[in-house]
Amino acid sequence: MKIIILGAGQVGSSLAQNLASEANDVTLVDTDGQRLQDLQDRLDLRTVVGNATHPPVLMRAGADDADLMIAVTNSDEANMIVCQVGYTLFHTPTRIARVRAPEYLAYPQLFSPDALPVDVLISPEQLVTQYVKRLIEHPGALQVLDFAGGKVRMVGVRAYYGGPLVGQALRTLREHMPNVQTRVAALFRRGQAIIPEGDTVIEAGDEVFFVAARKNIRAVMSELRKLDKPVKRIMLAGGGNIGKRLAQALESRYQVKIIERGGERARAISEELNRTIVLMGDAADEELLLEENIENTDVFCALTNDDEANILSGMLAKRRGARMVMSLINRPAYVDLVQGSEDIDIAISPQQATIGTLLAHVRRGDVVMVHSLRRGAAEAIEAVAHGDSKSSKVVGRRIENIPLPAGTTIGCLVRGDEVIMGHHDTVIEPEDHVILFLVDKRRITEVERLFQVGVTFI
């Protein structure tokens, strides 16, 4: 696939890295020549220096025969103009734009072929807000991923000493919970992937990814670890777009406080929020945290634009008694450093949240959802099976007879409203939504081929 990425910031460069490693023809456009040169030295891609909104620059990037244009510059307006130019001058089939400002997003009628021809809108703030909200709803989870419109969730948890399943083989899961349908899709031990088999024994410290119907998630989590108490009190550091959105999403169900440094911003968001307490101050001010009873806080989320401030305020909150700490971190190297450390429970990467949504539009075959896991090394995808036993490699076949690439497991299927666990003798039917886990993301093209419908397969 020929792809042009406009903008070589954190999201653009992470996306380029993901797509260039999958045999796509990727061109990256940005005004920062040095940044492009650094990326070109590391990745297999073309670069063009220039303003992404200018037609001659897009022409040099190969827009006249590109399949996909992804505009992720730091300017909403530039991203929208790129889509307009791509549509009007180059007839690019698919155009994706990152748009952050709620003032634009509040008017969906702006984004249509008759107005601004943007096929897919990506709002990182919205995606991160939903991601954090799911983690708060499932205290103790490392990741919570939605599939099939929320009917199925894949949850990653760390198995703890004392959990009923720790020290037990996976096949005993059914004995422990005879009335709950669930399946372990992947297991990571000391950073290494282990393909889950019936005789695989869960050890304390393992990262276990399981799939289950949404209503059964807490029951399965309780088998792997002592369930954390439900969340009541939440403190957010930073009242920017993400902090404000998250407070709006949470304030009806939880006691929420926001700490915001800027006086004007603090006043503005206090007028927009109904039940959230807005405090003006520095989230890394120990006295302020103690005054606001940080020791009784269930979740502390550091969501400012400054990675270092998010890490330091998170560490301080944890050491002063916050039960669970999440920090928003943009730099991938920092994410690896702090994820799962003693002080920060979850490092939230906006790039990983955004890239998963973008990848769903790049994948071949009918792939409707992609979630990037383990800092992009692994992937969970939802693909729809089409065709019949003659035109499809998956329809009408038992899972054990499907030639899945090494390290790939089928977790479950969604058929209408029914969630069916993926056992060896489960047969896939047309229009089933199939949830797969890939330990090695490099095998994705093989999975895509399985779900592409041909005239006939022999």
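I began with R153 and E137, whose side chains meet in a salt bridge at 3.7 Å, N to O. R153 lies in strand 8 (residues 152–158) and E137 in helix 6, so the pair ties together parts 16 residues apart in sequence. I found both R153 and E137 buried. The model is a predicted one.

Salt bridges link K133, R134, E137, D146, R153 and R253. My count for the model came to 22 salt bridges.

Next I took K257 and E292. Their side chains form a salt bridge at 2.9 Å, N to O. The pair links distant parts of the chain, 35 residues apart: K257 sits in strand 13 (residues 255–260), E292 in the loop between helix 11 and strand 15 (299–302). K257 and E292 are buried.

R443 counts as partly exposed because its relative accessibility is 25%. E446, at 29%, counts as partly exposed too.

I turned to surface charge. D282, D285, E287 and E291 gather in a negative patch. E287 belongs to helix 11 (residues 286–291) and, at 59% relative accessibility, counts as exposed. K226, K229, K232 and R233 form a positive surface patch. R233 lies in strand 12 (residues 233–237); at 37% relative accessibility, R233 counts as partly exposed.

Last, I checked S123. Is S123 buried or exposed? Its relative accessibility is 7%, so S123 counts as buried. S123 lies in the loop between strand 6 (120–122) and helix 6 (124–137). Leaving aside neighbours within four places in sequence, S123 is in contact with V99, L105 and R245.

Conventions
Residues numbered from 1 in each chain as written. Predicted model: local features only at pLDDT ≥ 70, side-chain atom pairs only at ≥ 80, totals over all residues. Heavy atoms only, no water. Patch = residues over 30% accessible without salt bridge, like charges linked within 9 Å, V, L, I, M, F, W, Y side chains within 5 Å. Areas by Shrake-Rupley, 256 points an atom, 1.4 Å probe, with all protein chains shown as cover. Salt bridge = Lys/Arg side-chain N within 4 Å of Asp/Glu carboxyl O. Lys, Arg positive; Asp, Glu negative; His and termini not counted. Charge placed at Lys NZ, Arg CZ, Asp CG, Glu CD. Helix = DSSP H or I, 4+ residues; strand = E, 2+ residues; numbered from the N terminus. Buried < 20%, exposed > 50% of the residue type's maximum accessible area, 1.4 Å probe, protein only. Contact = heavy atoms within 4.5 Å.
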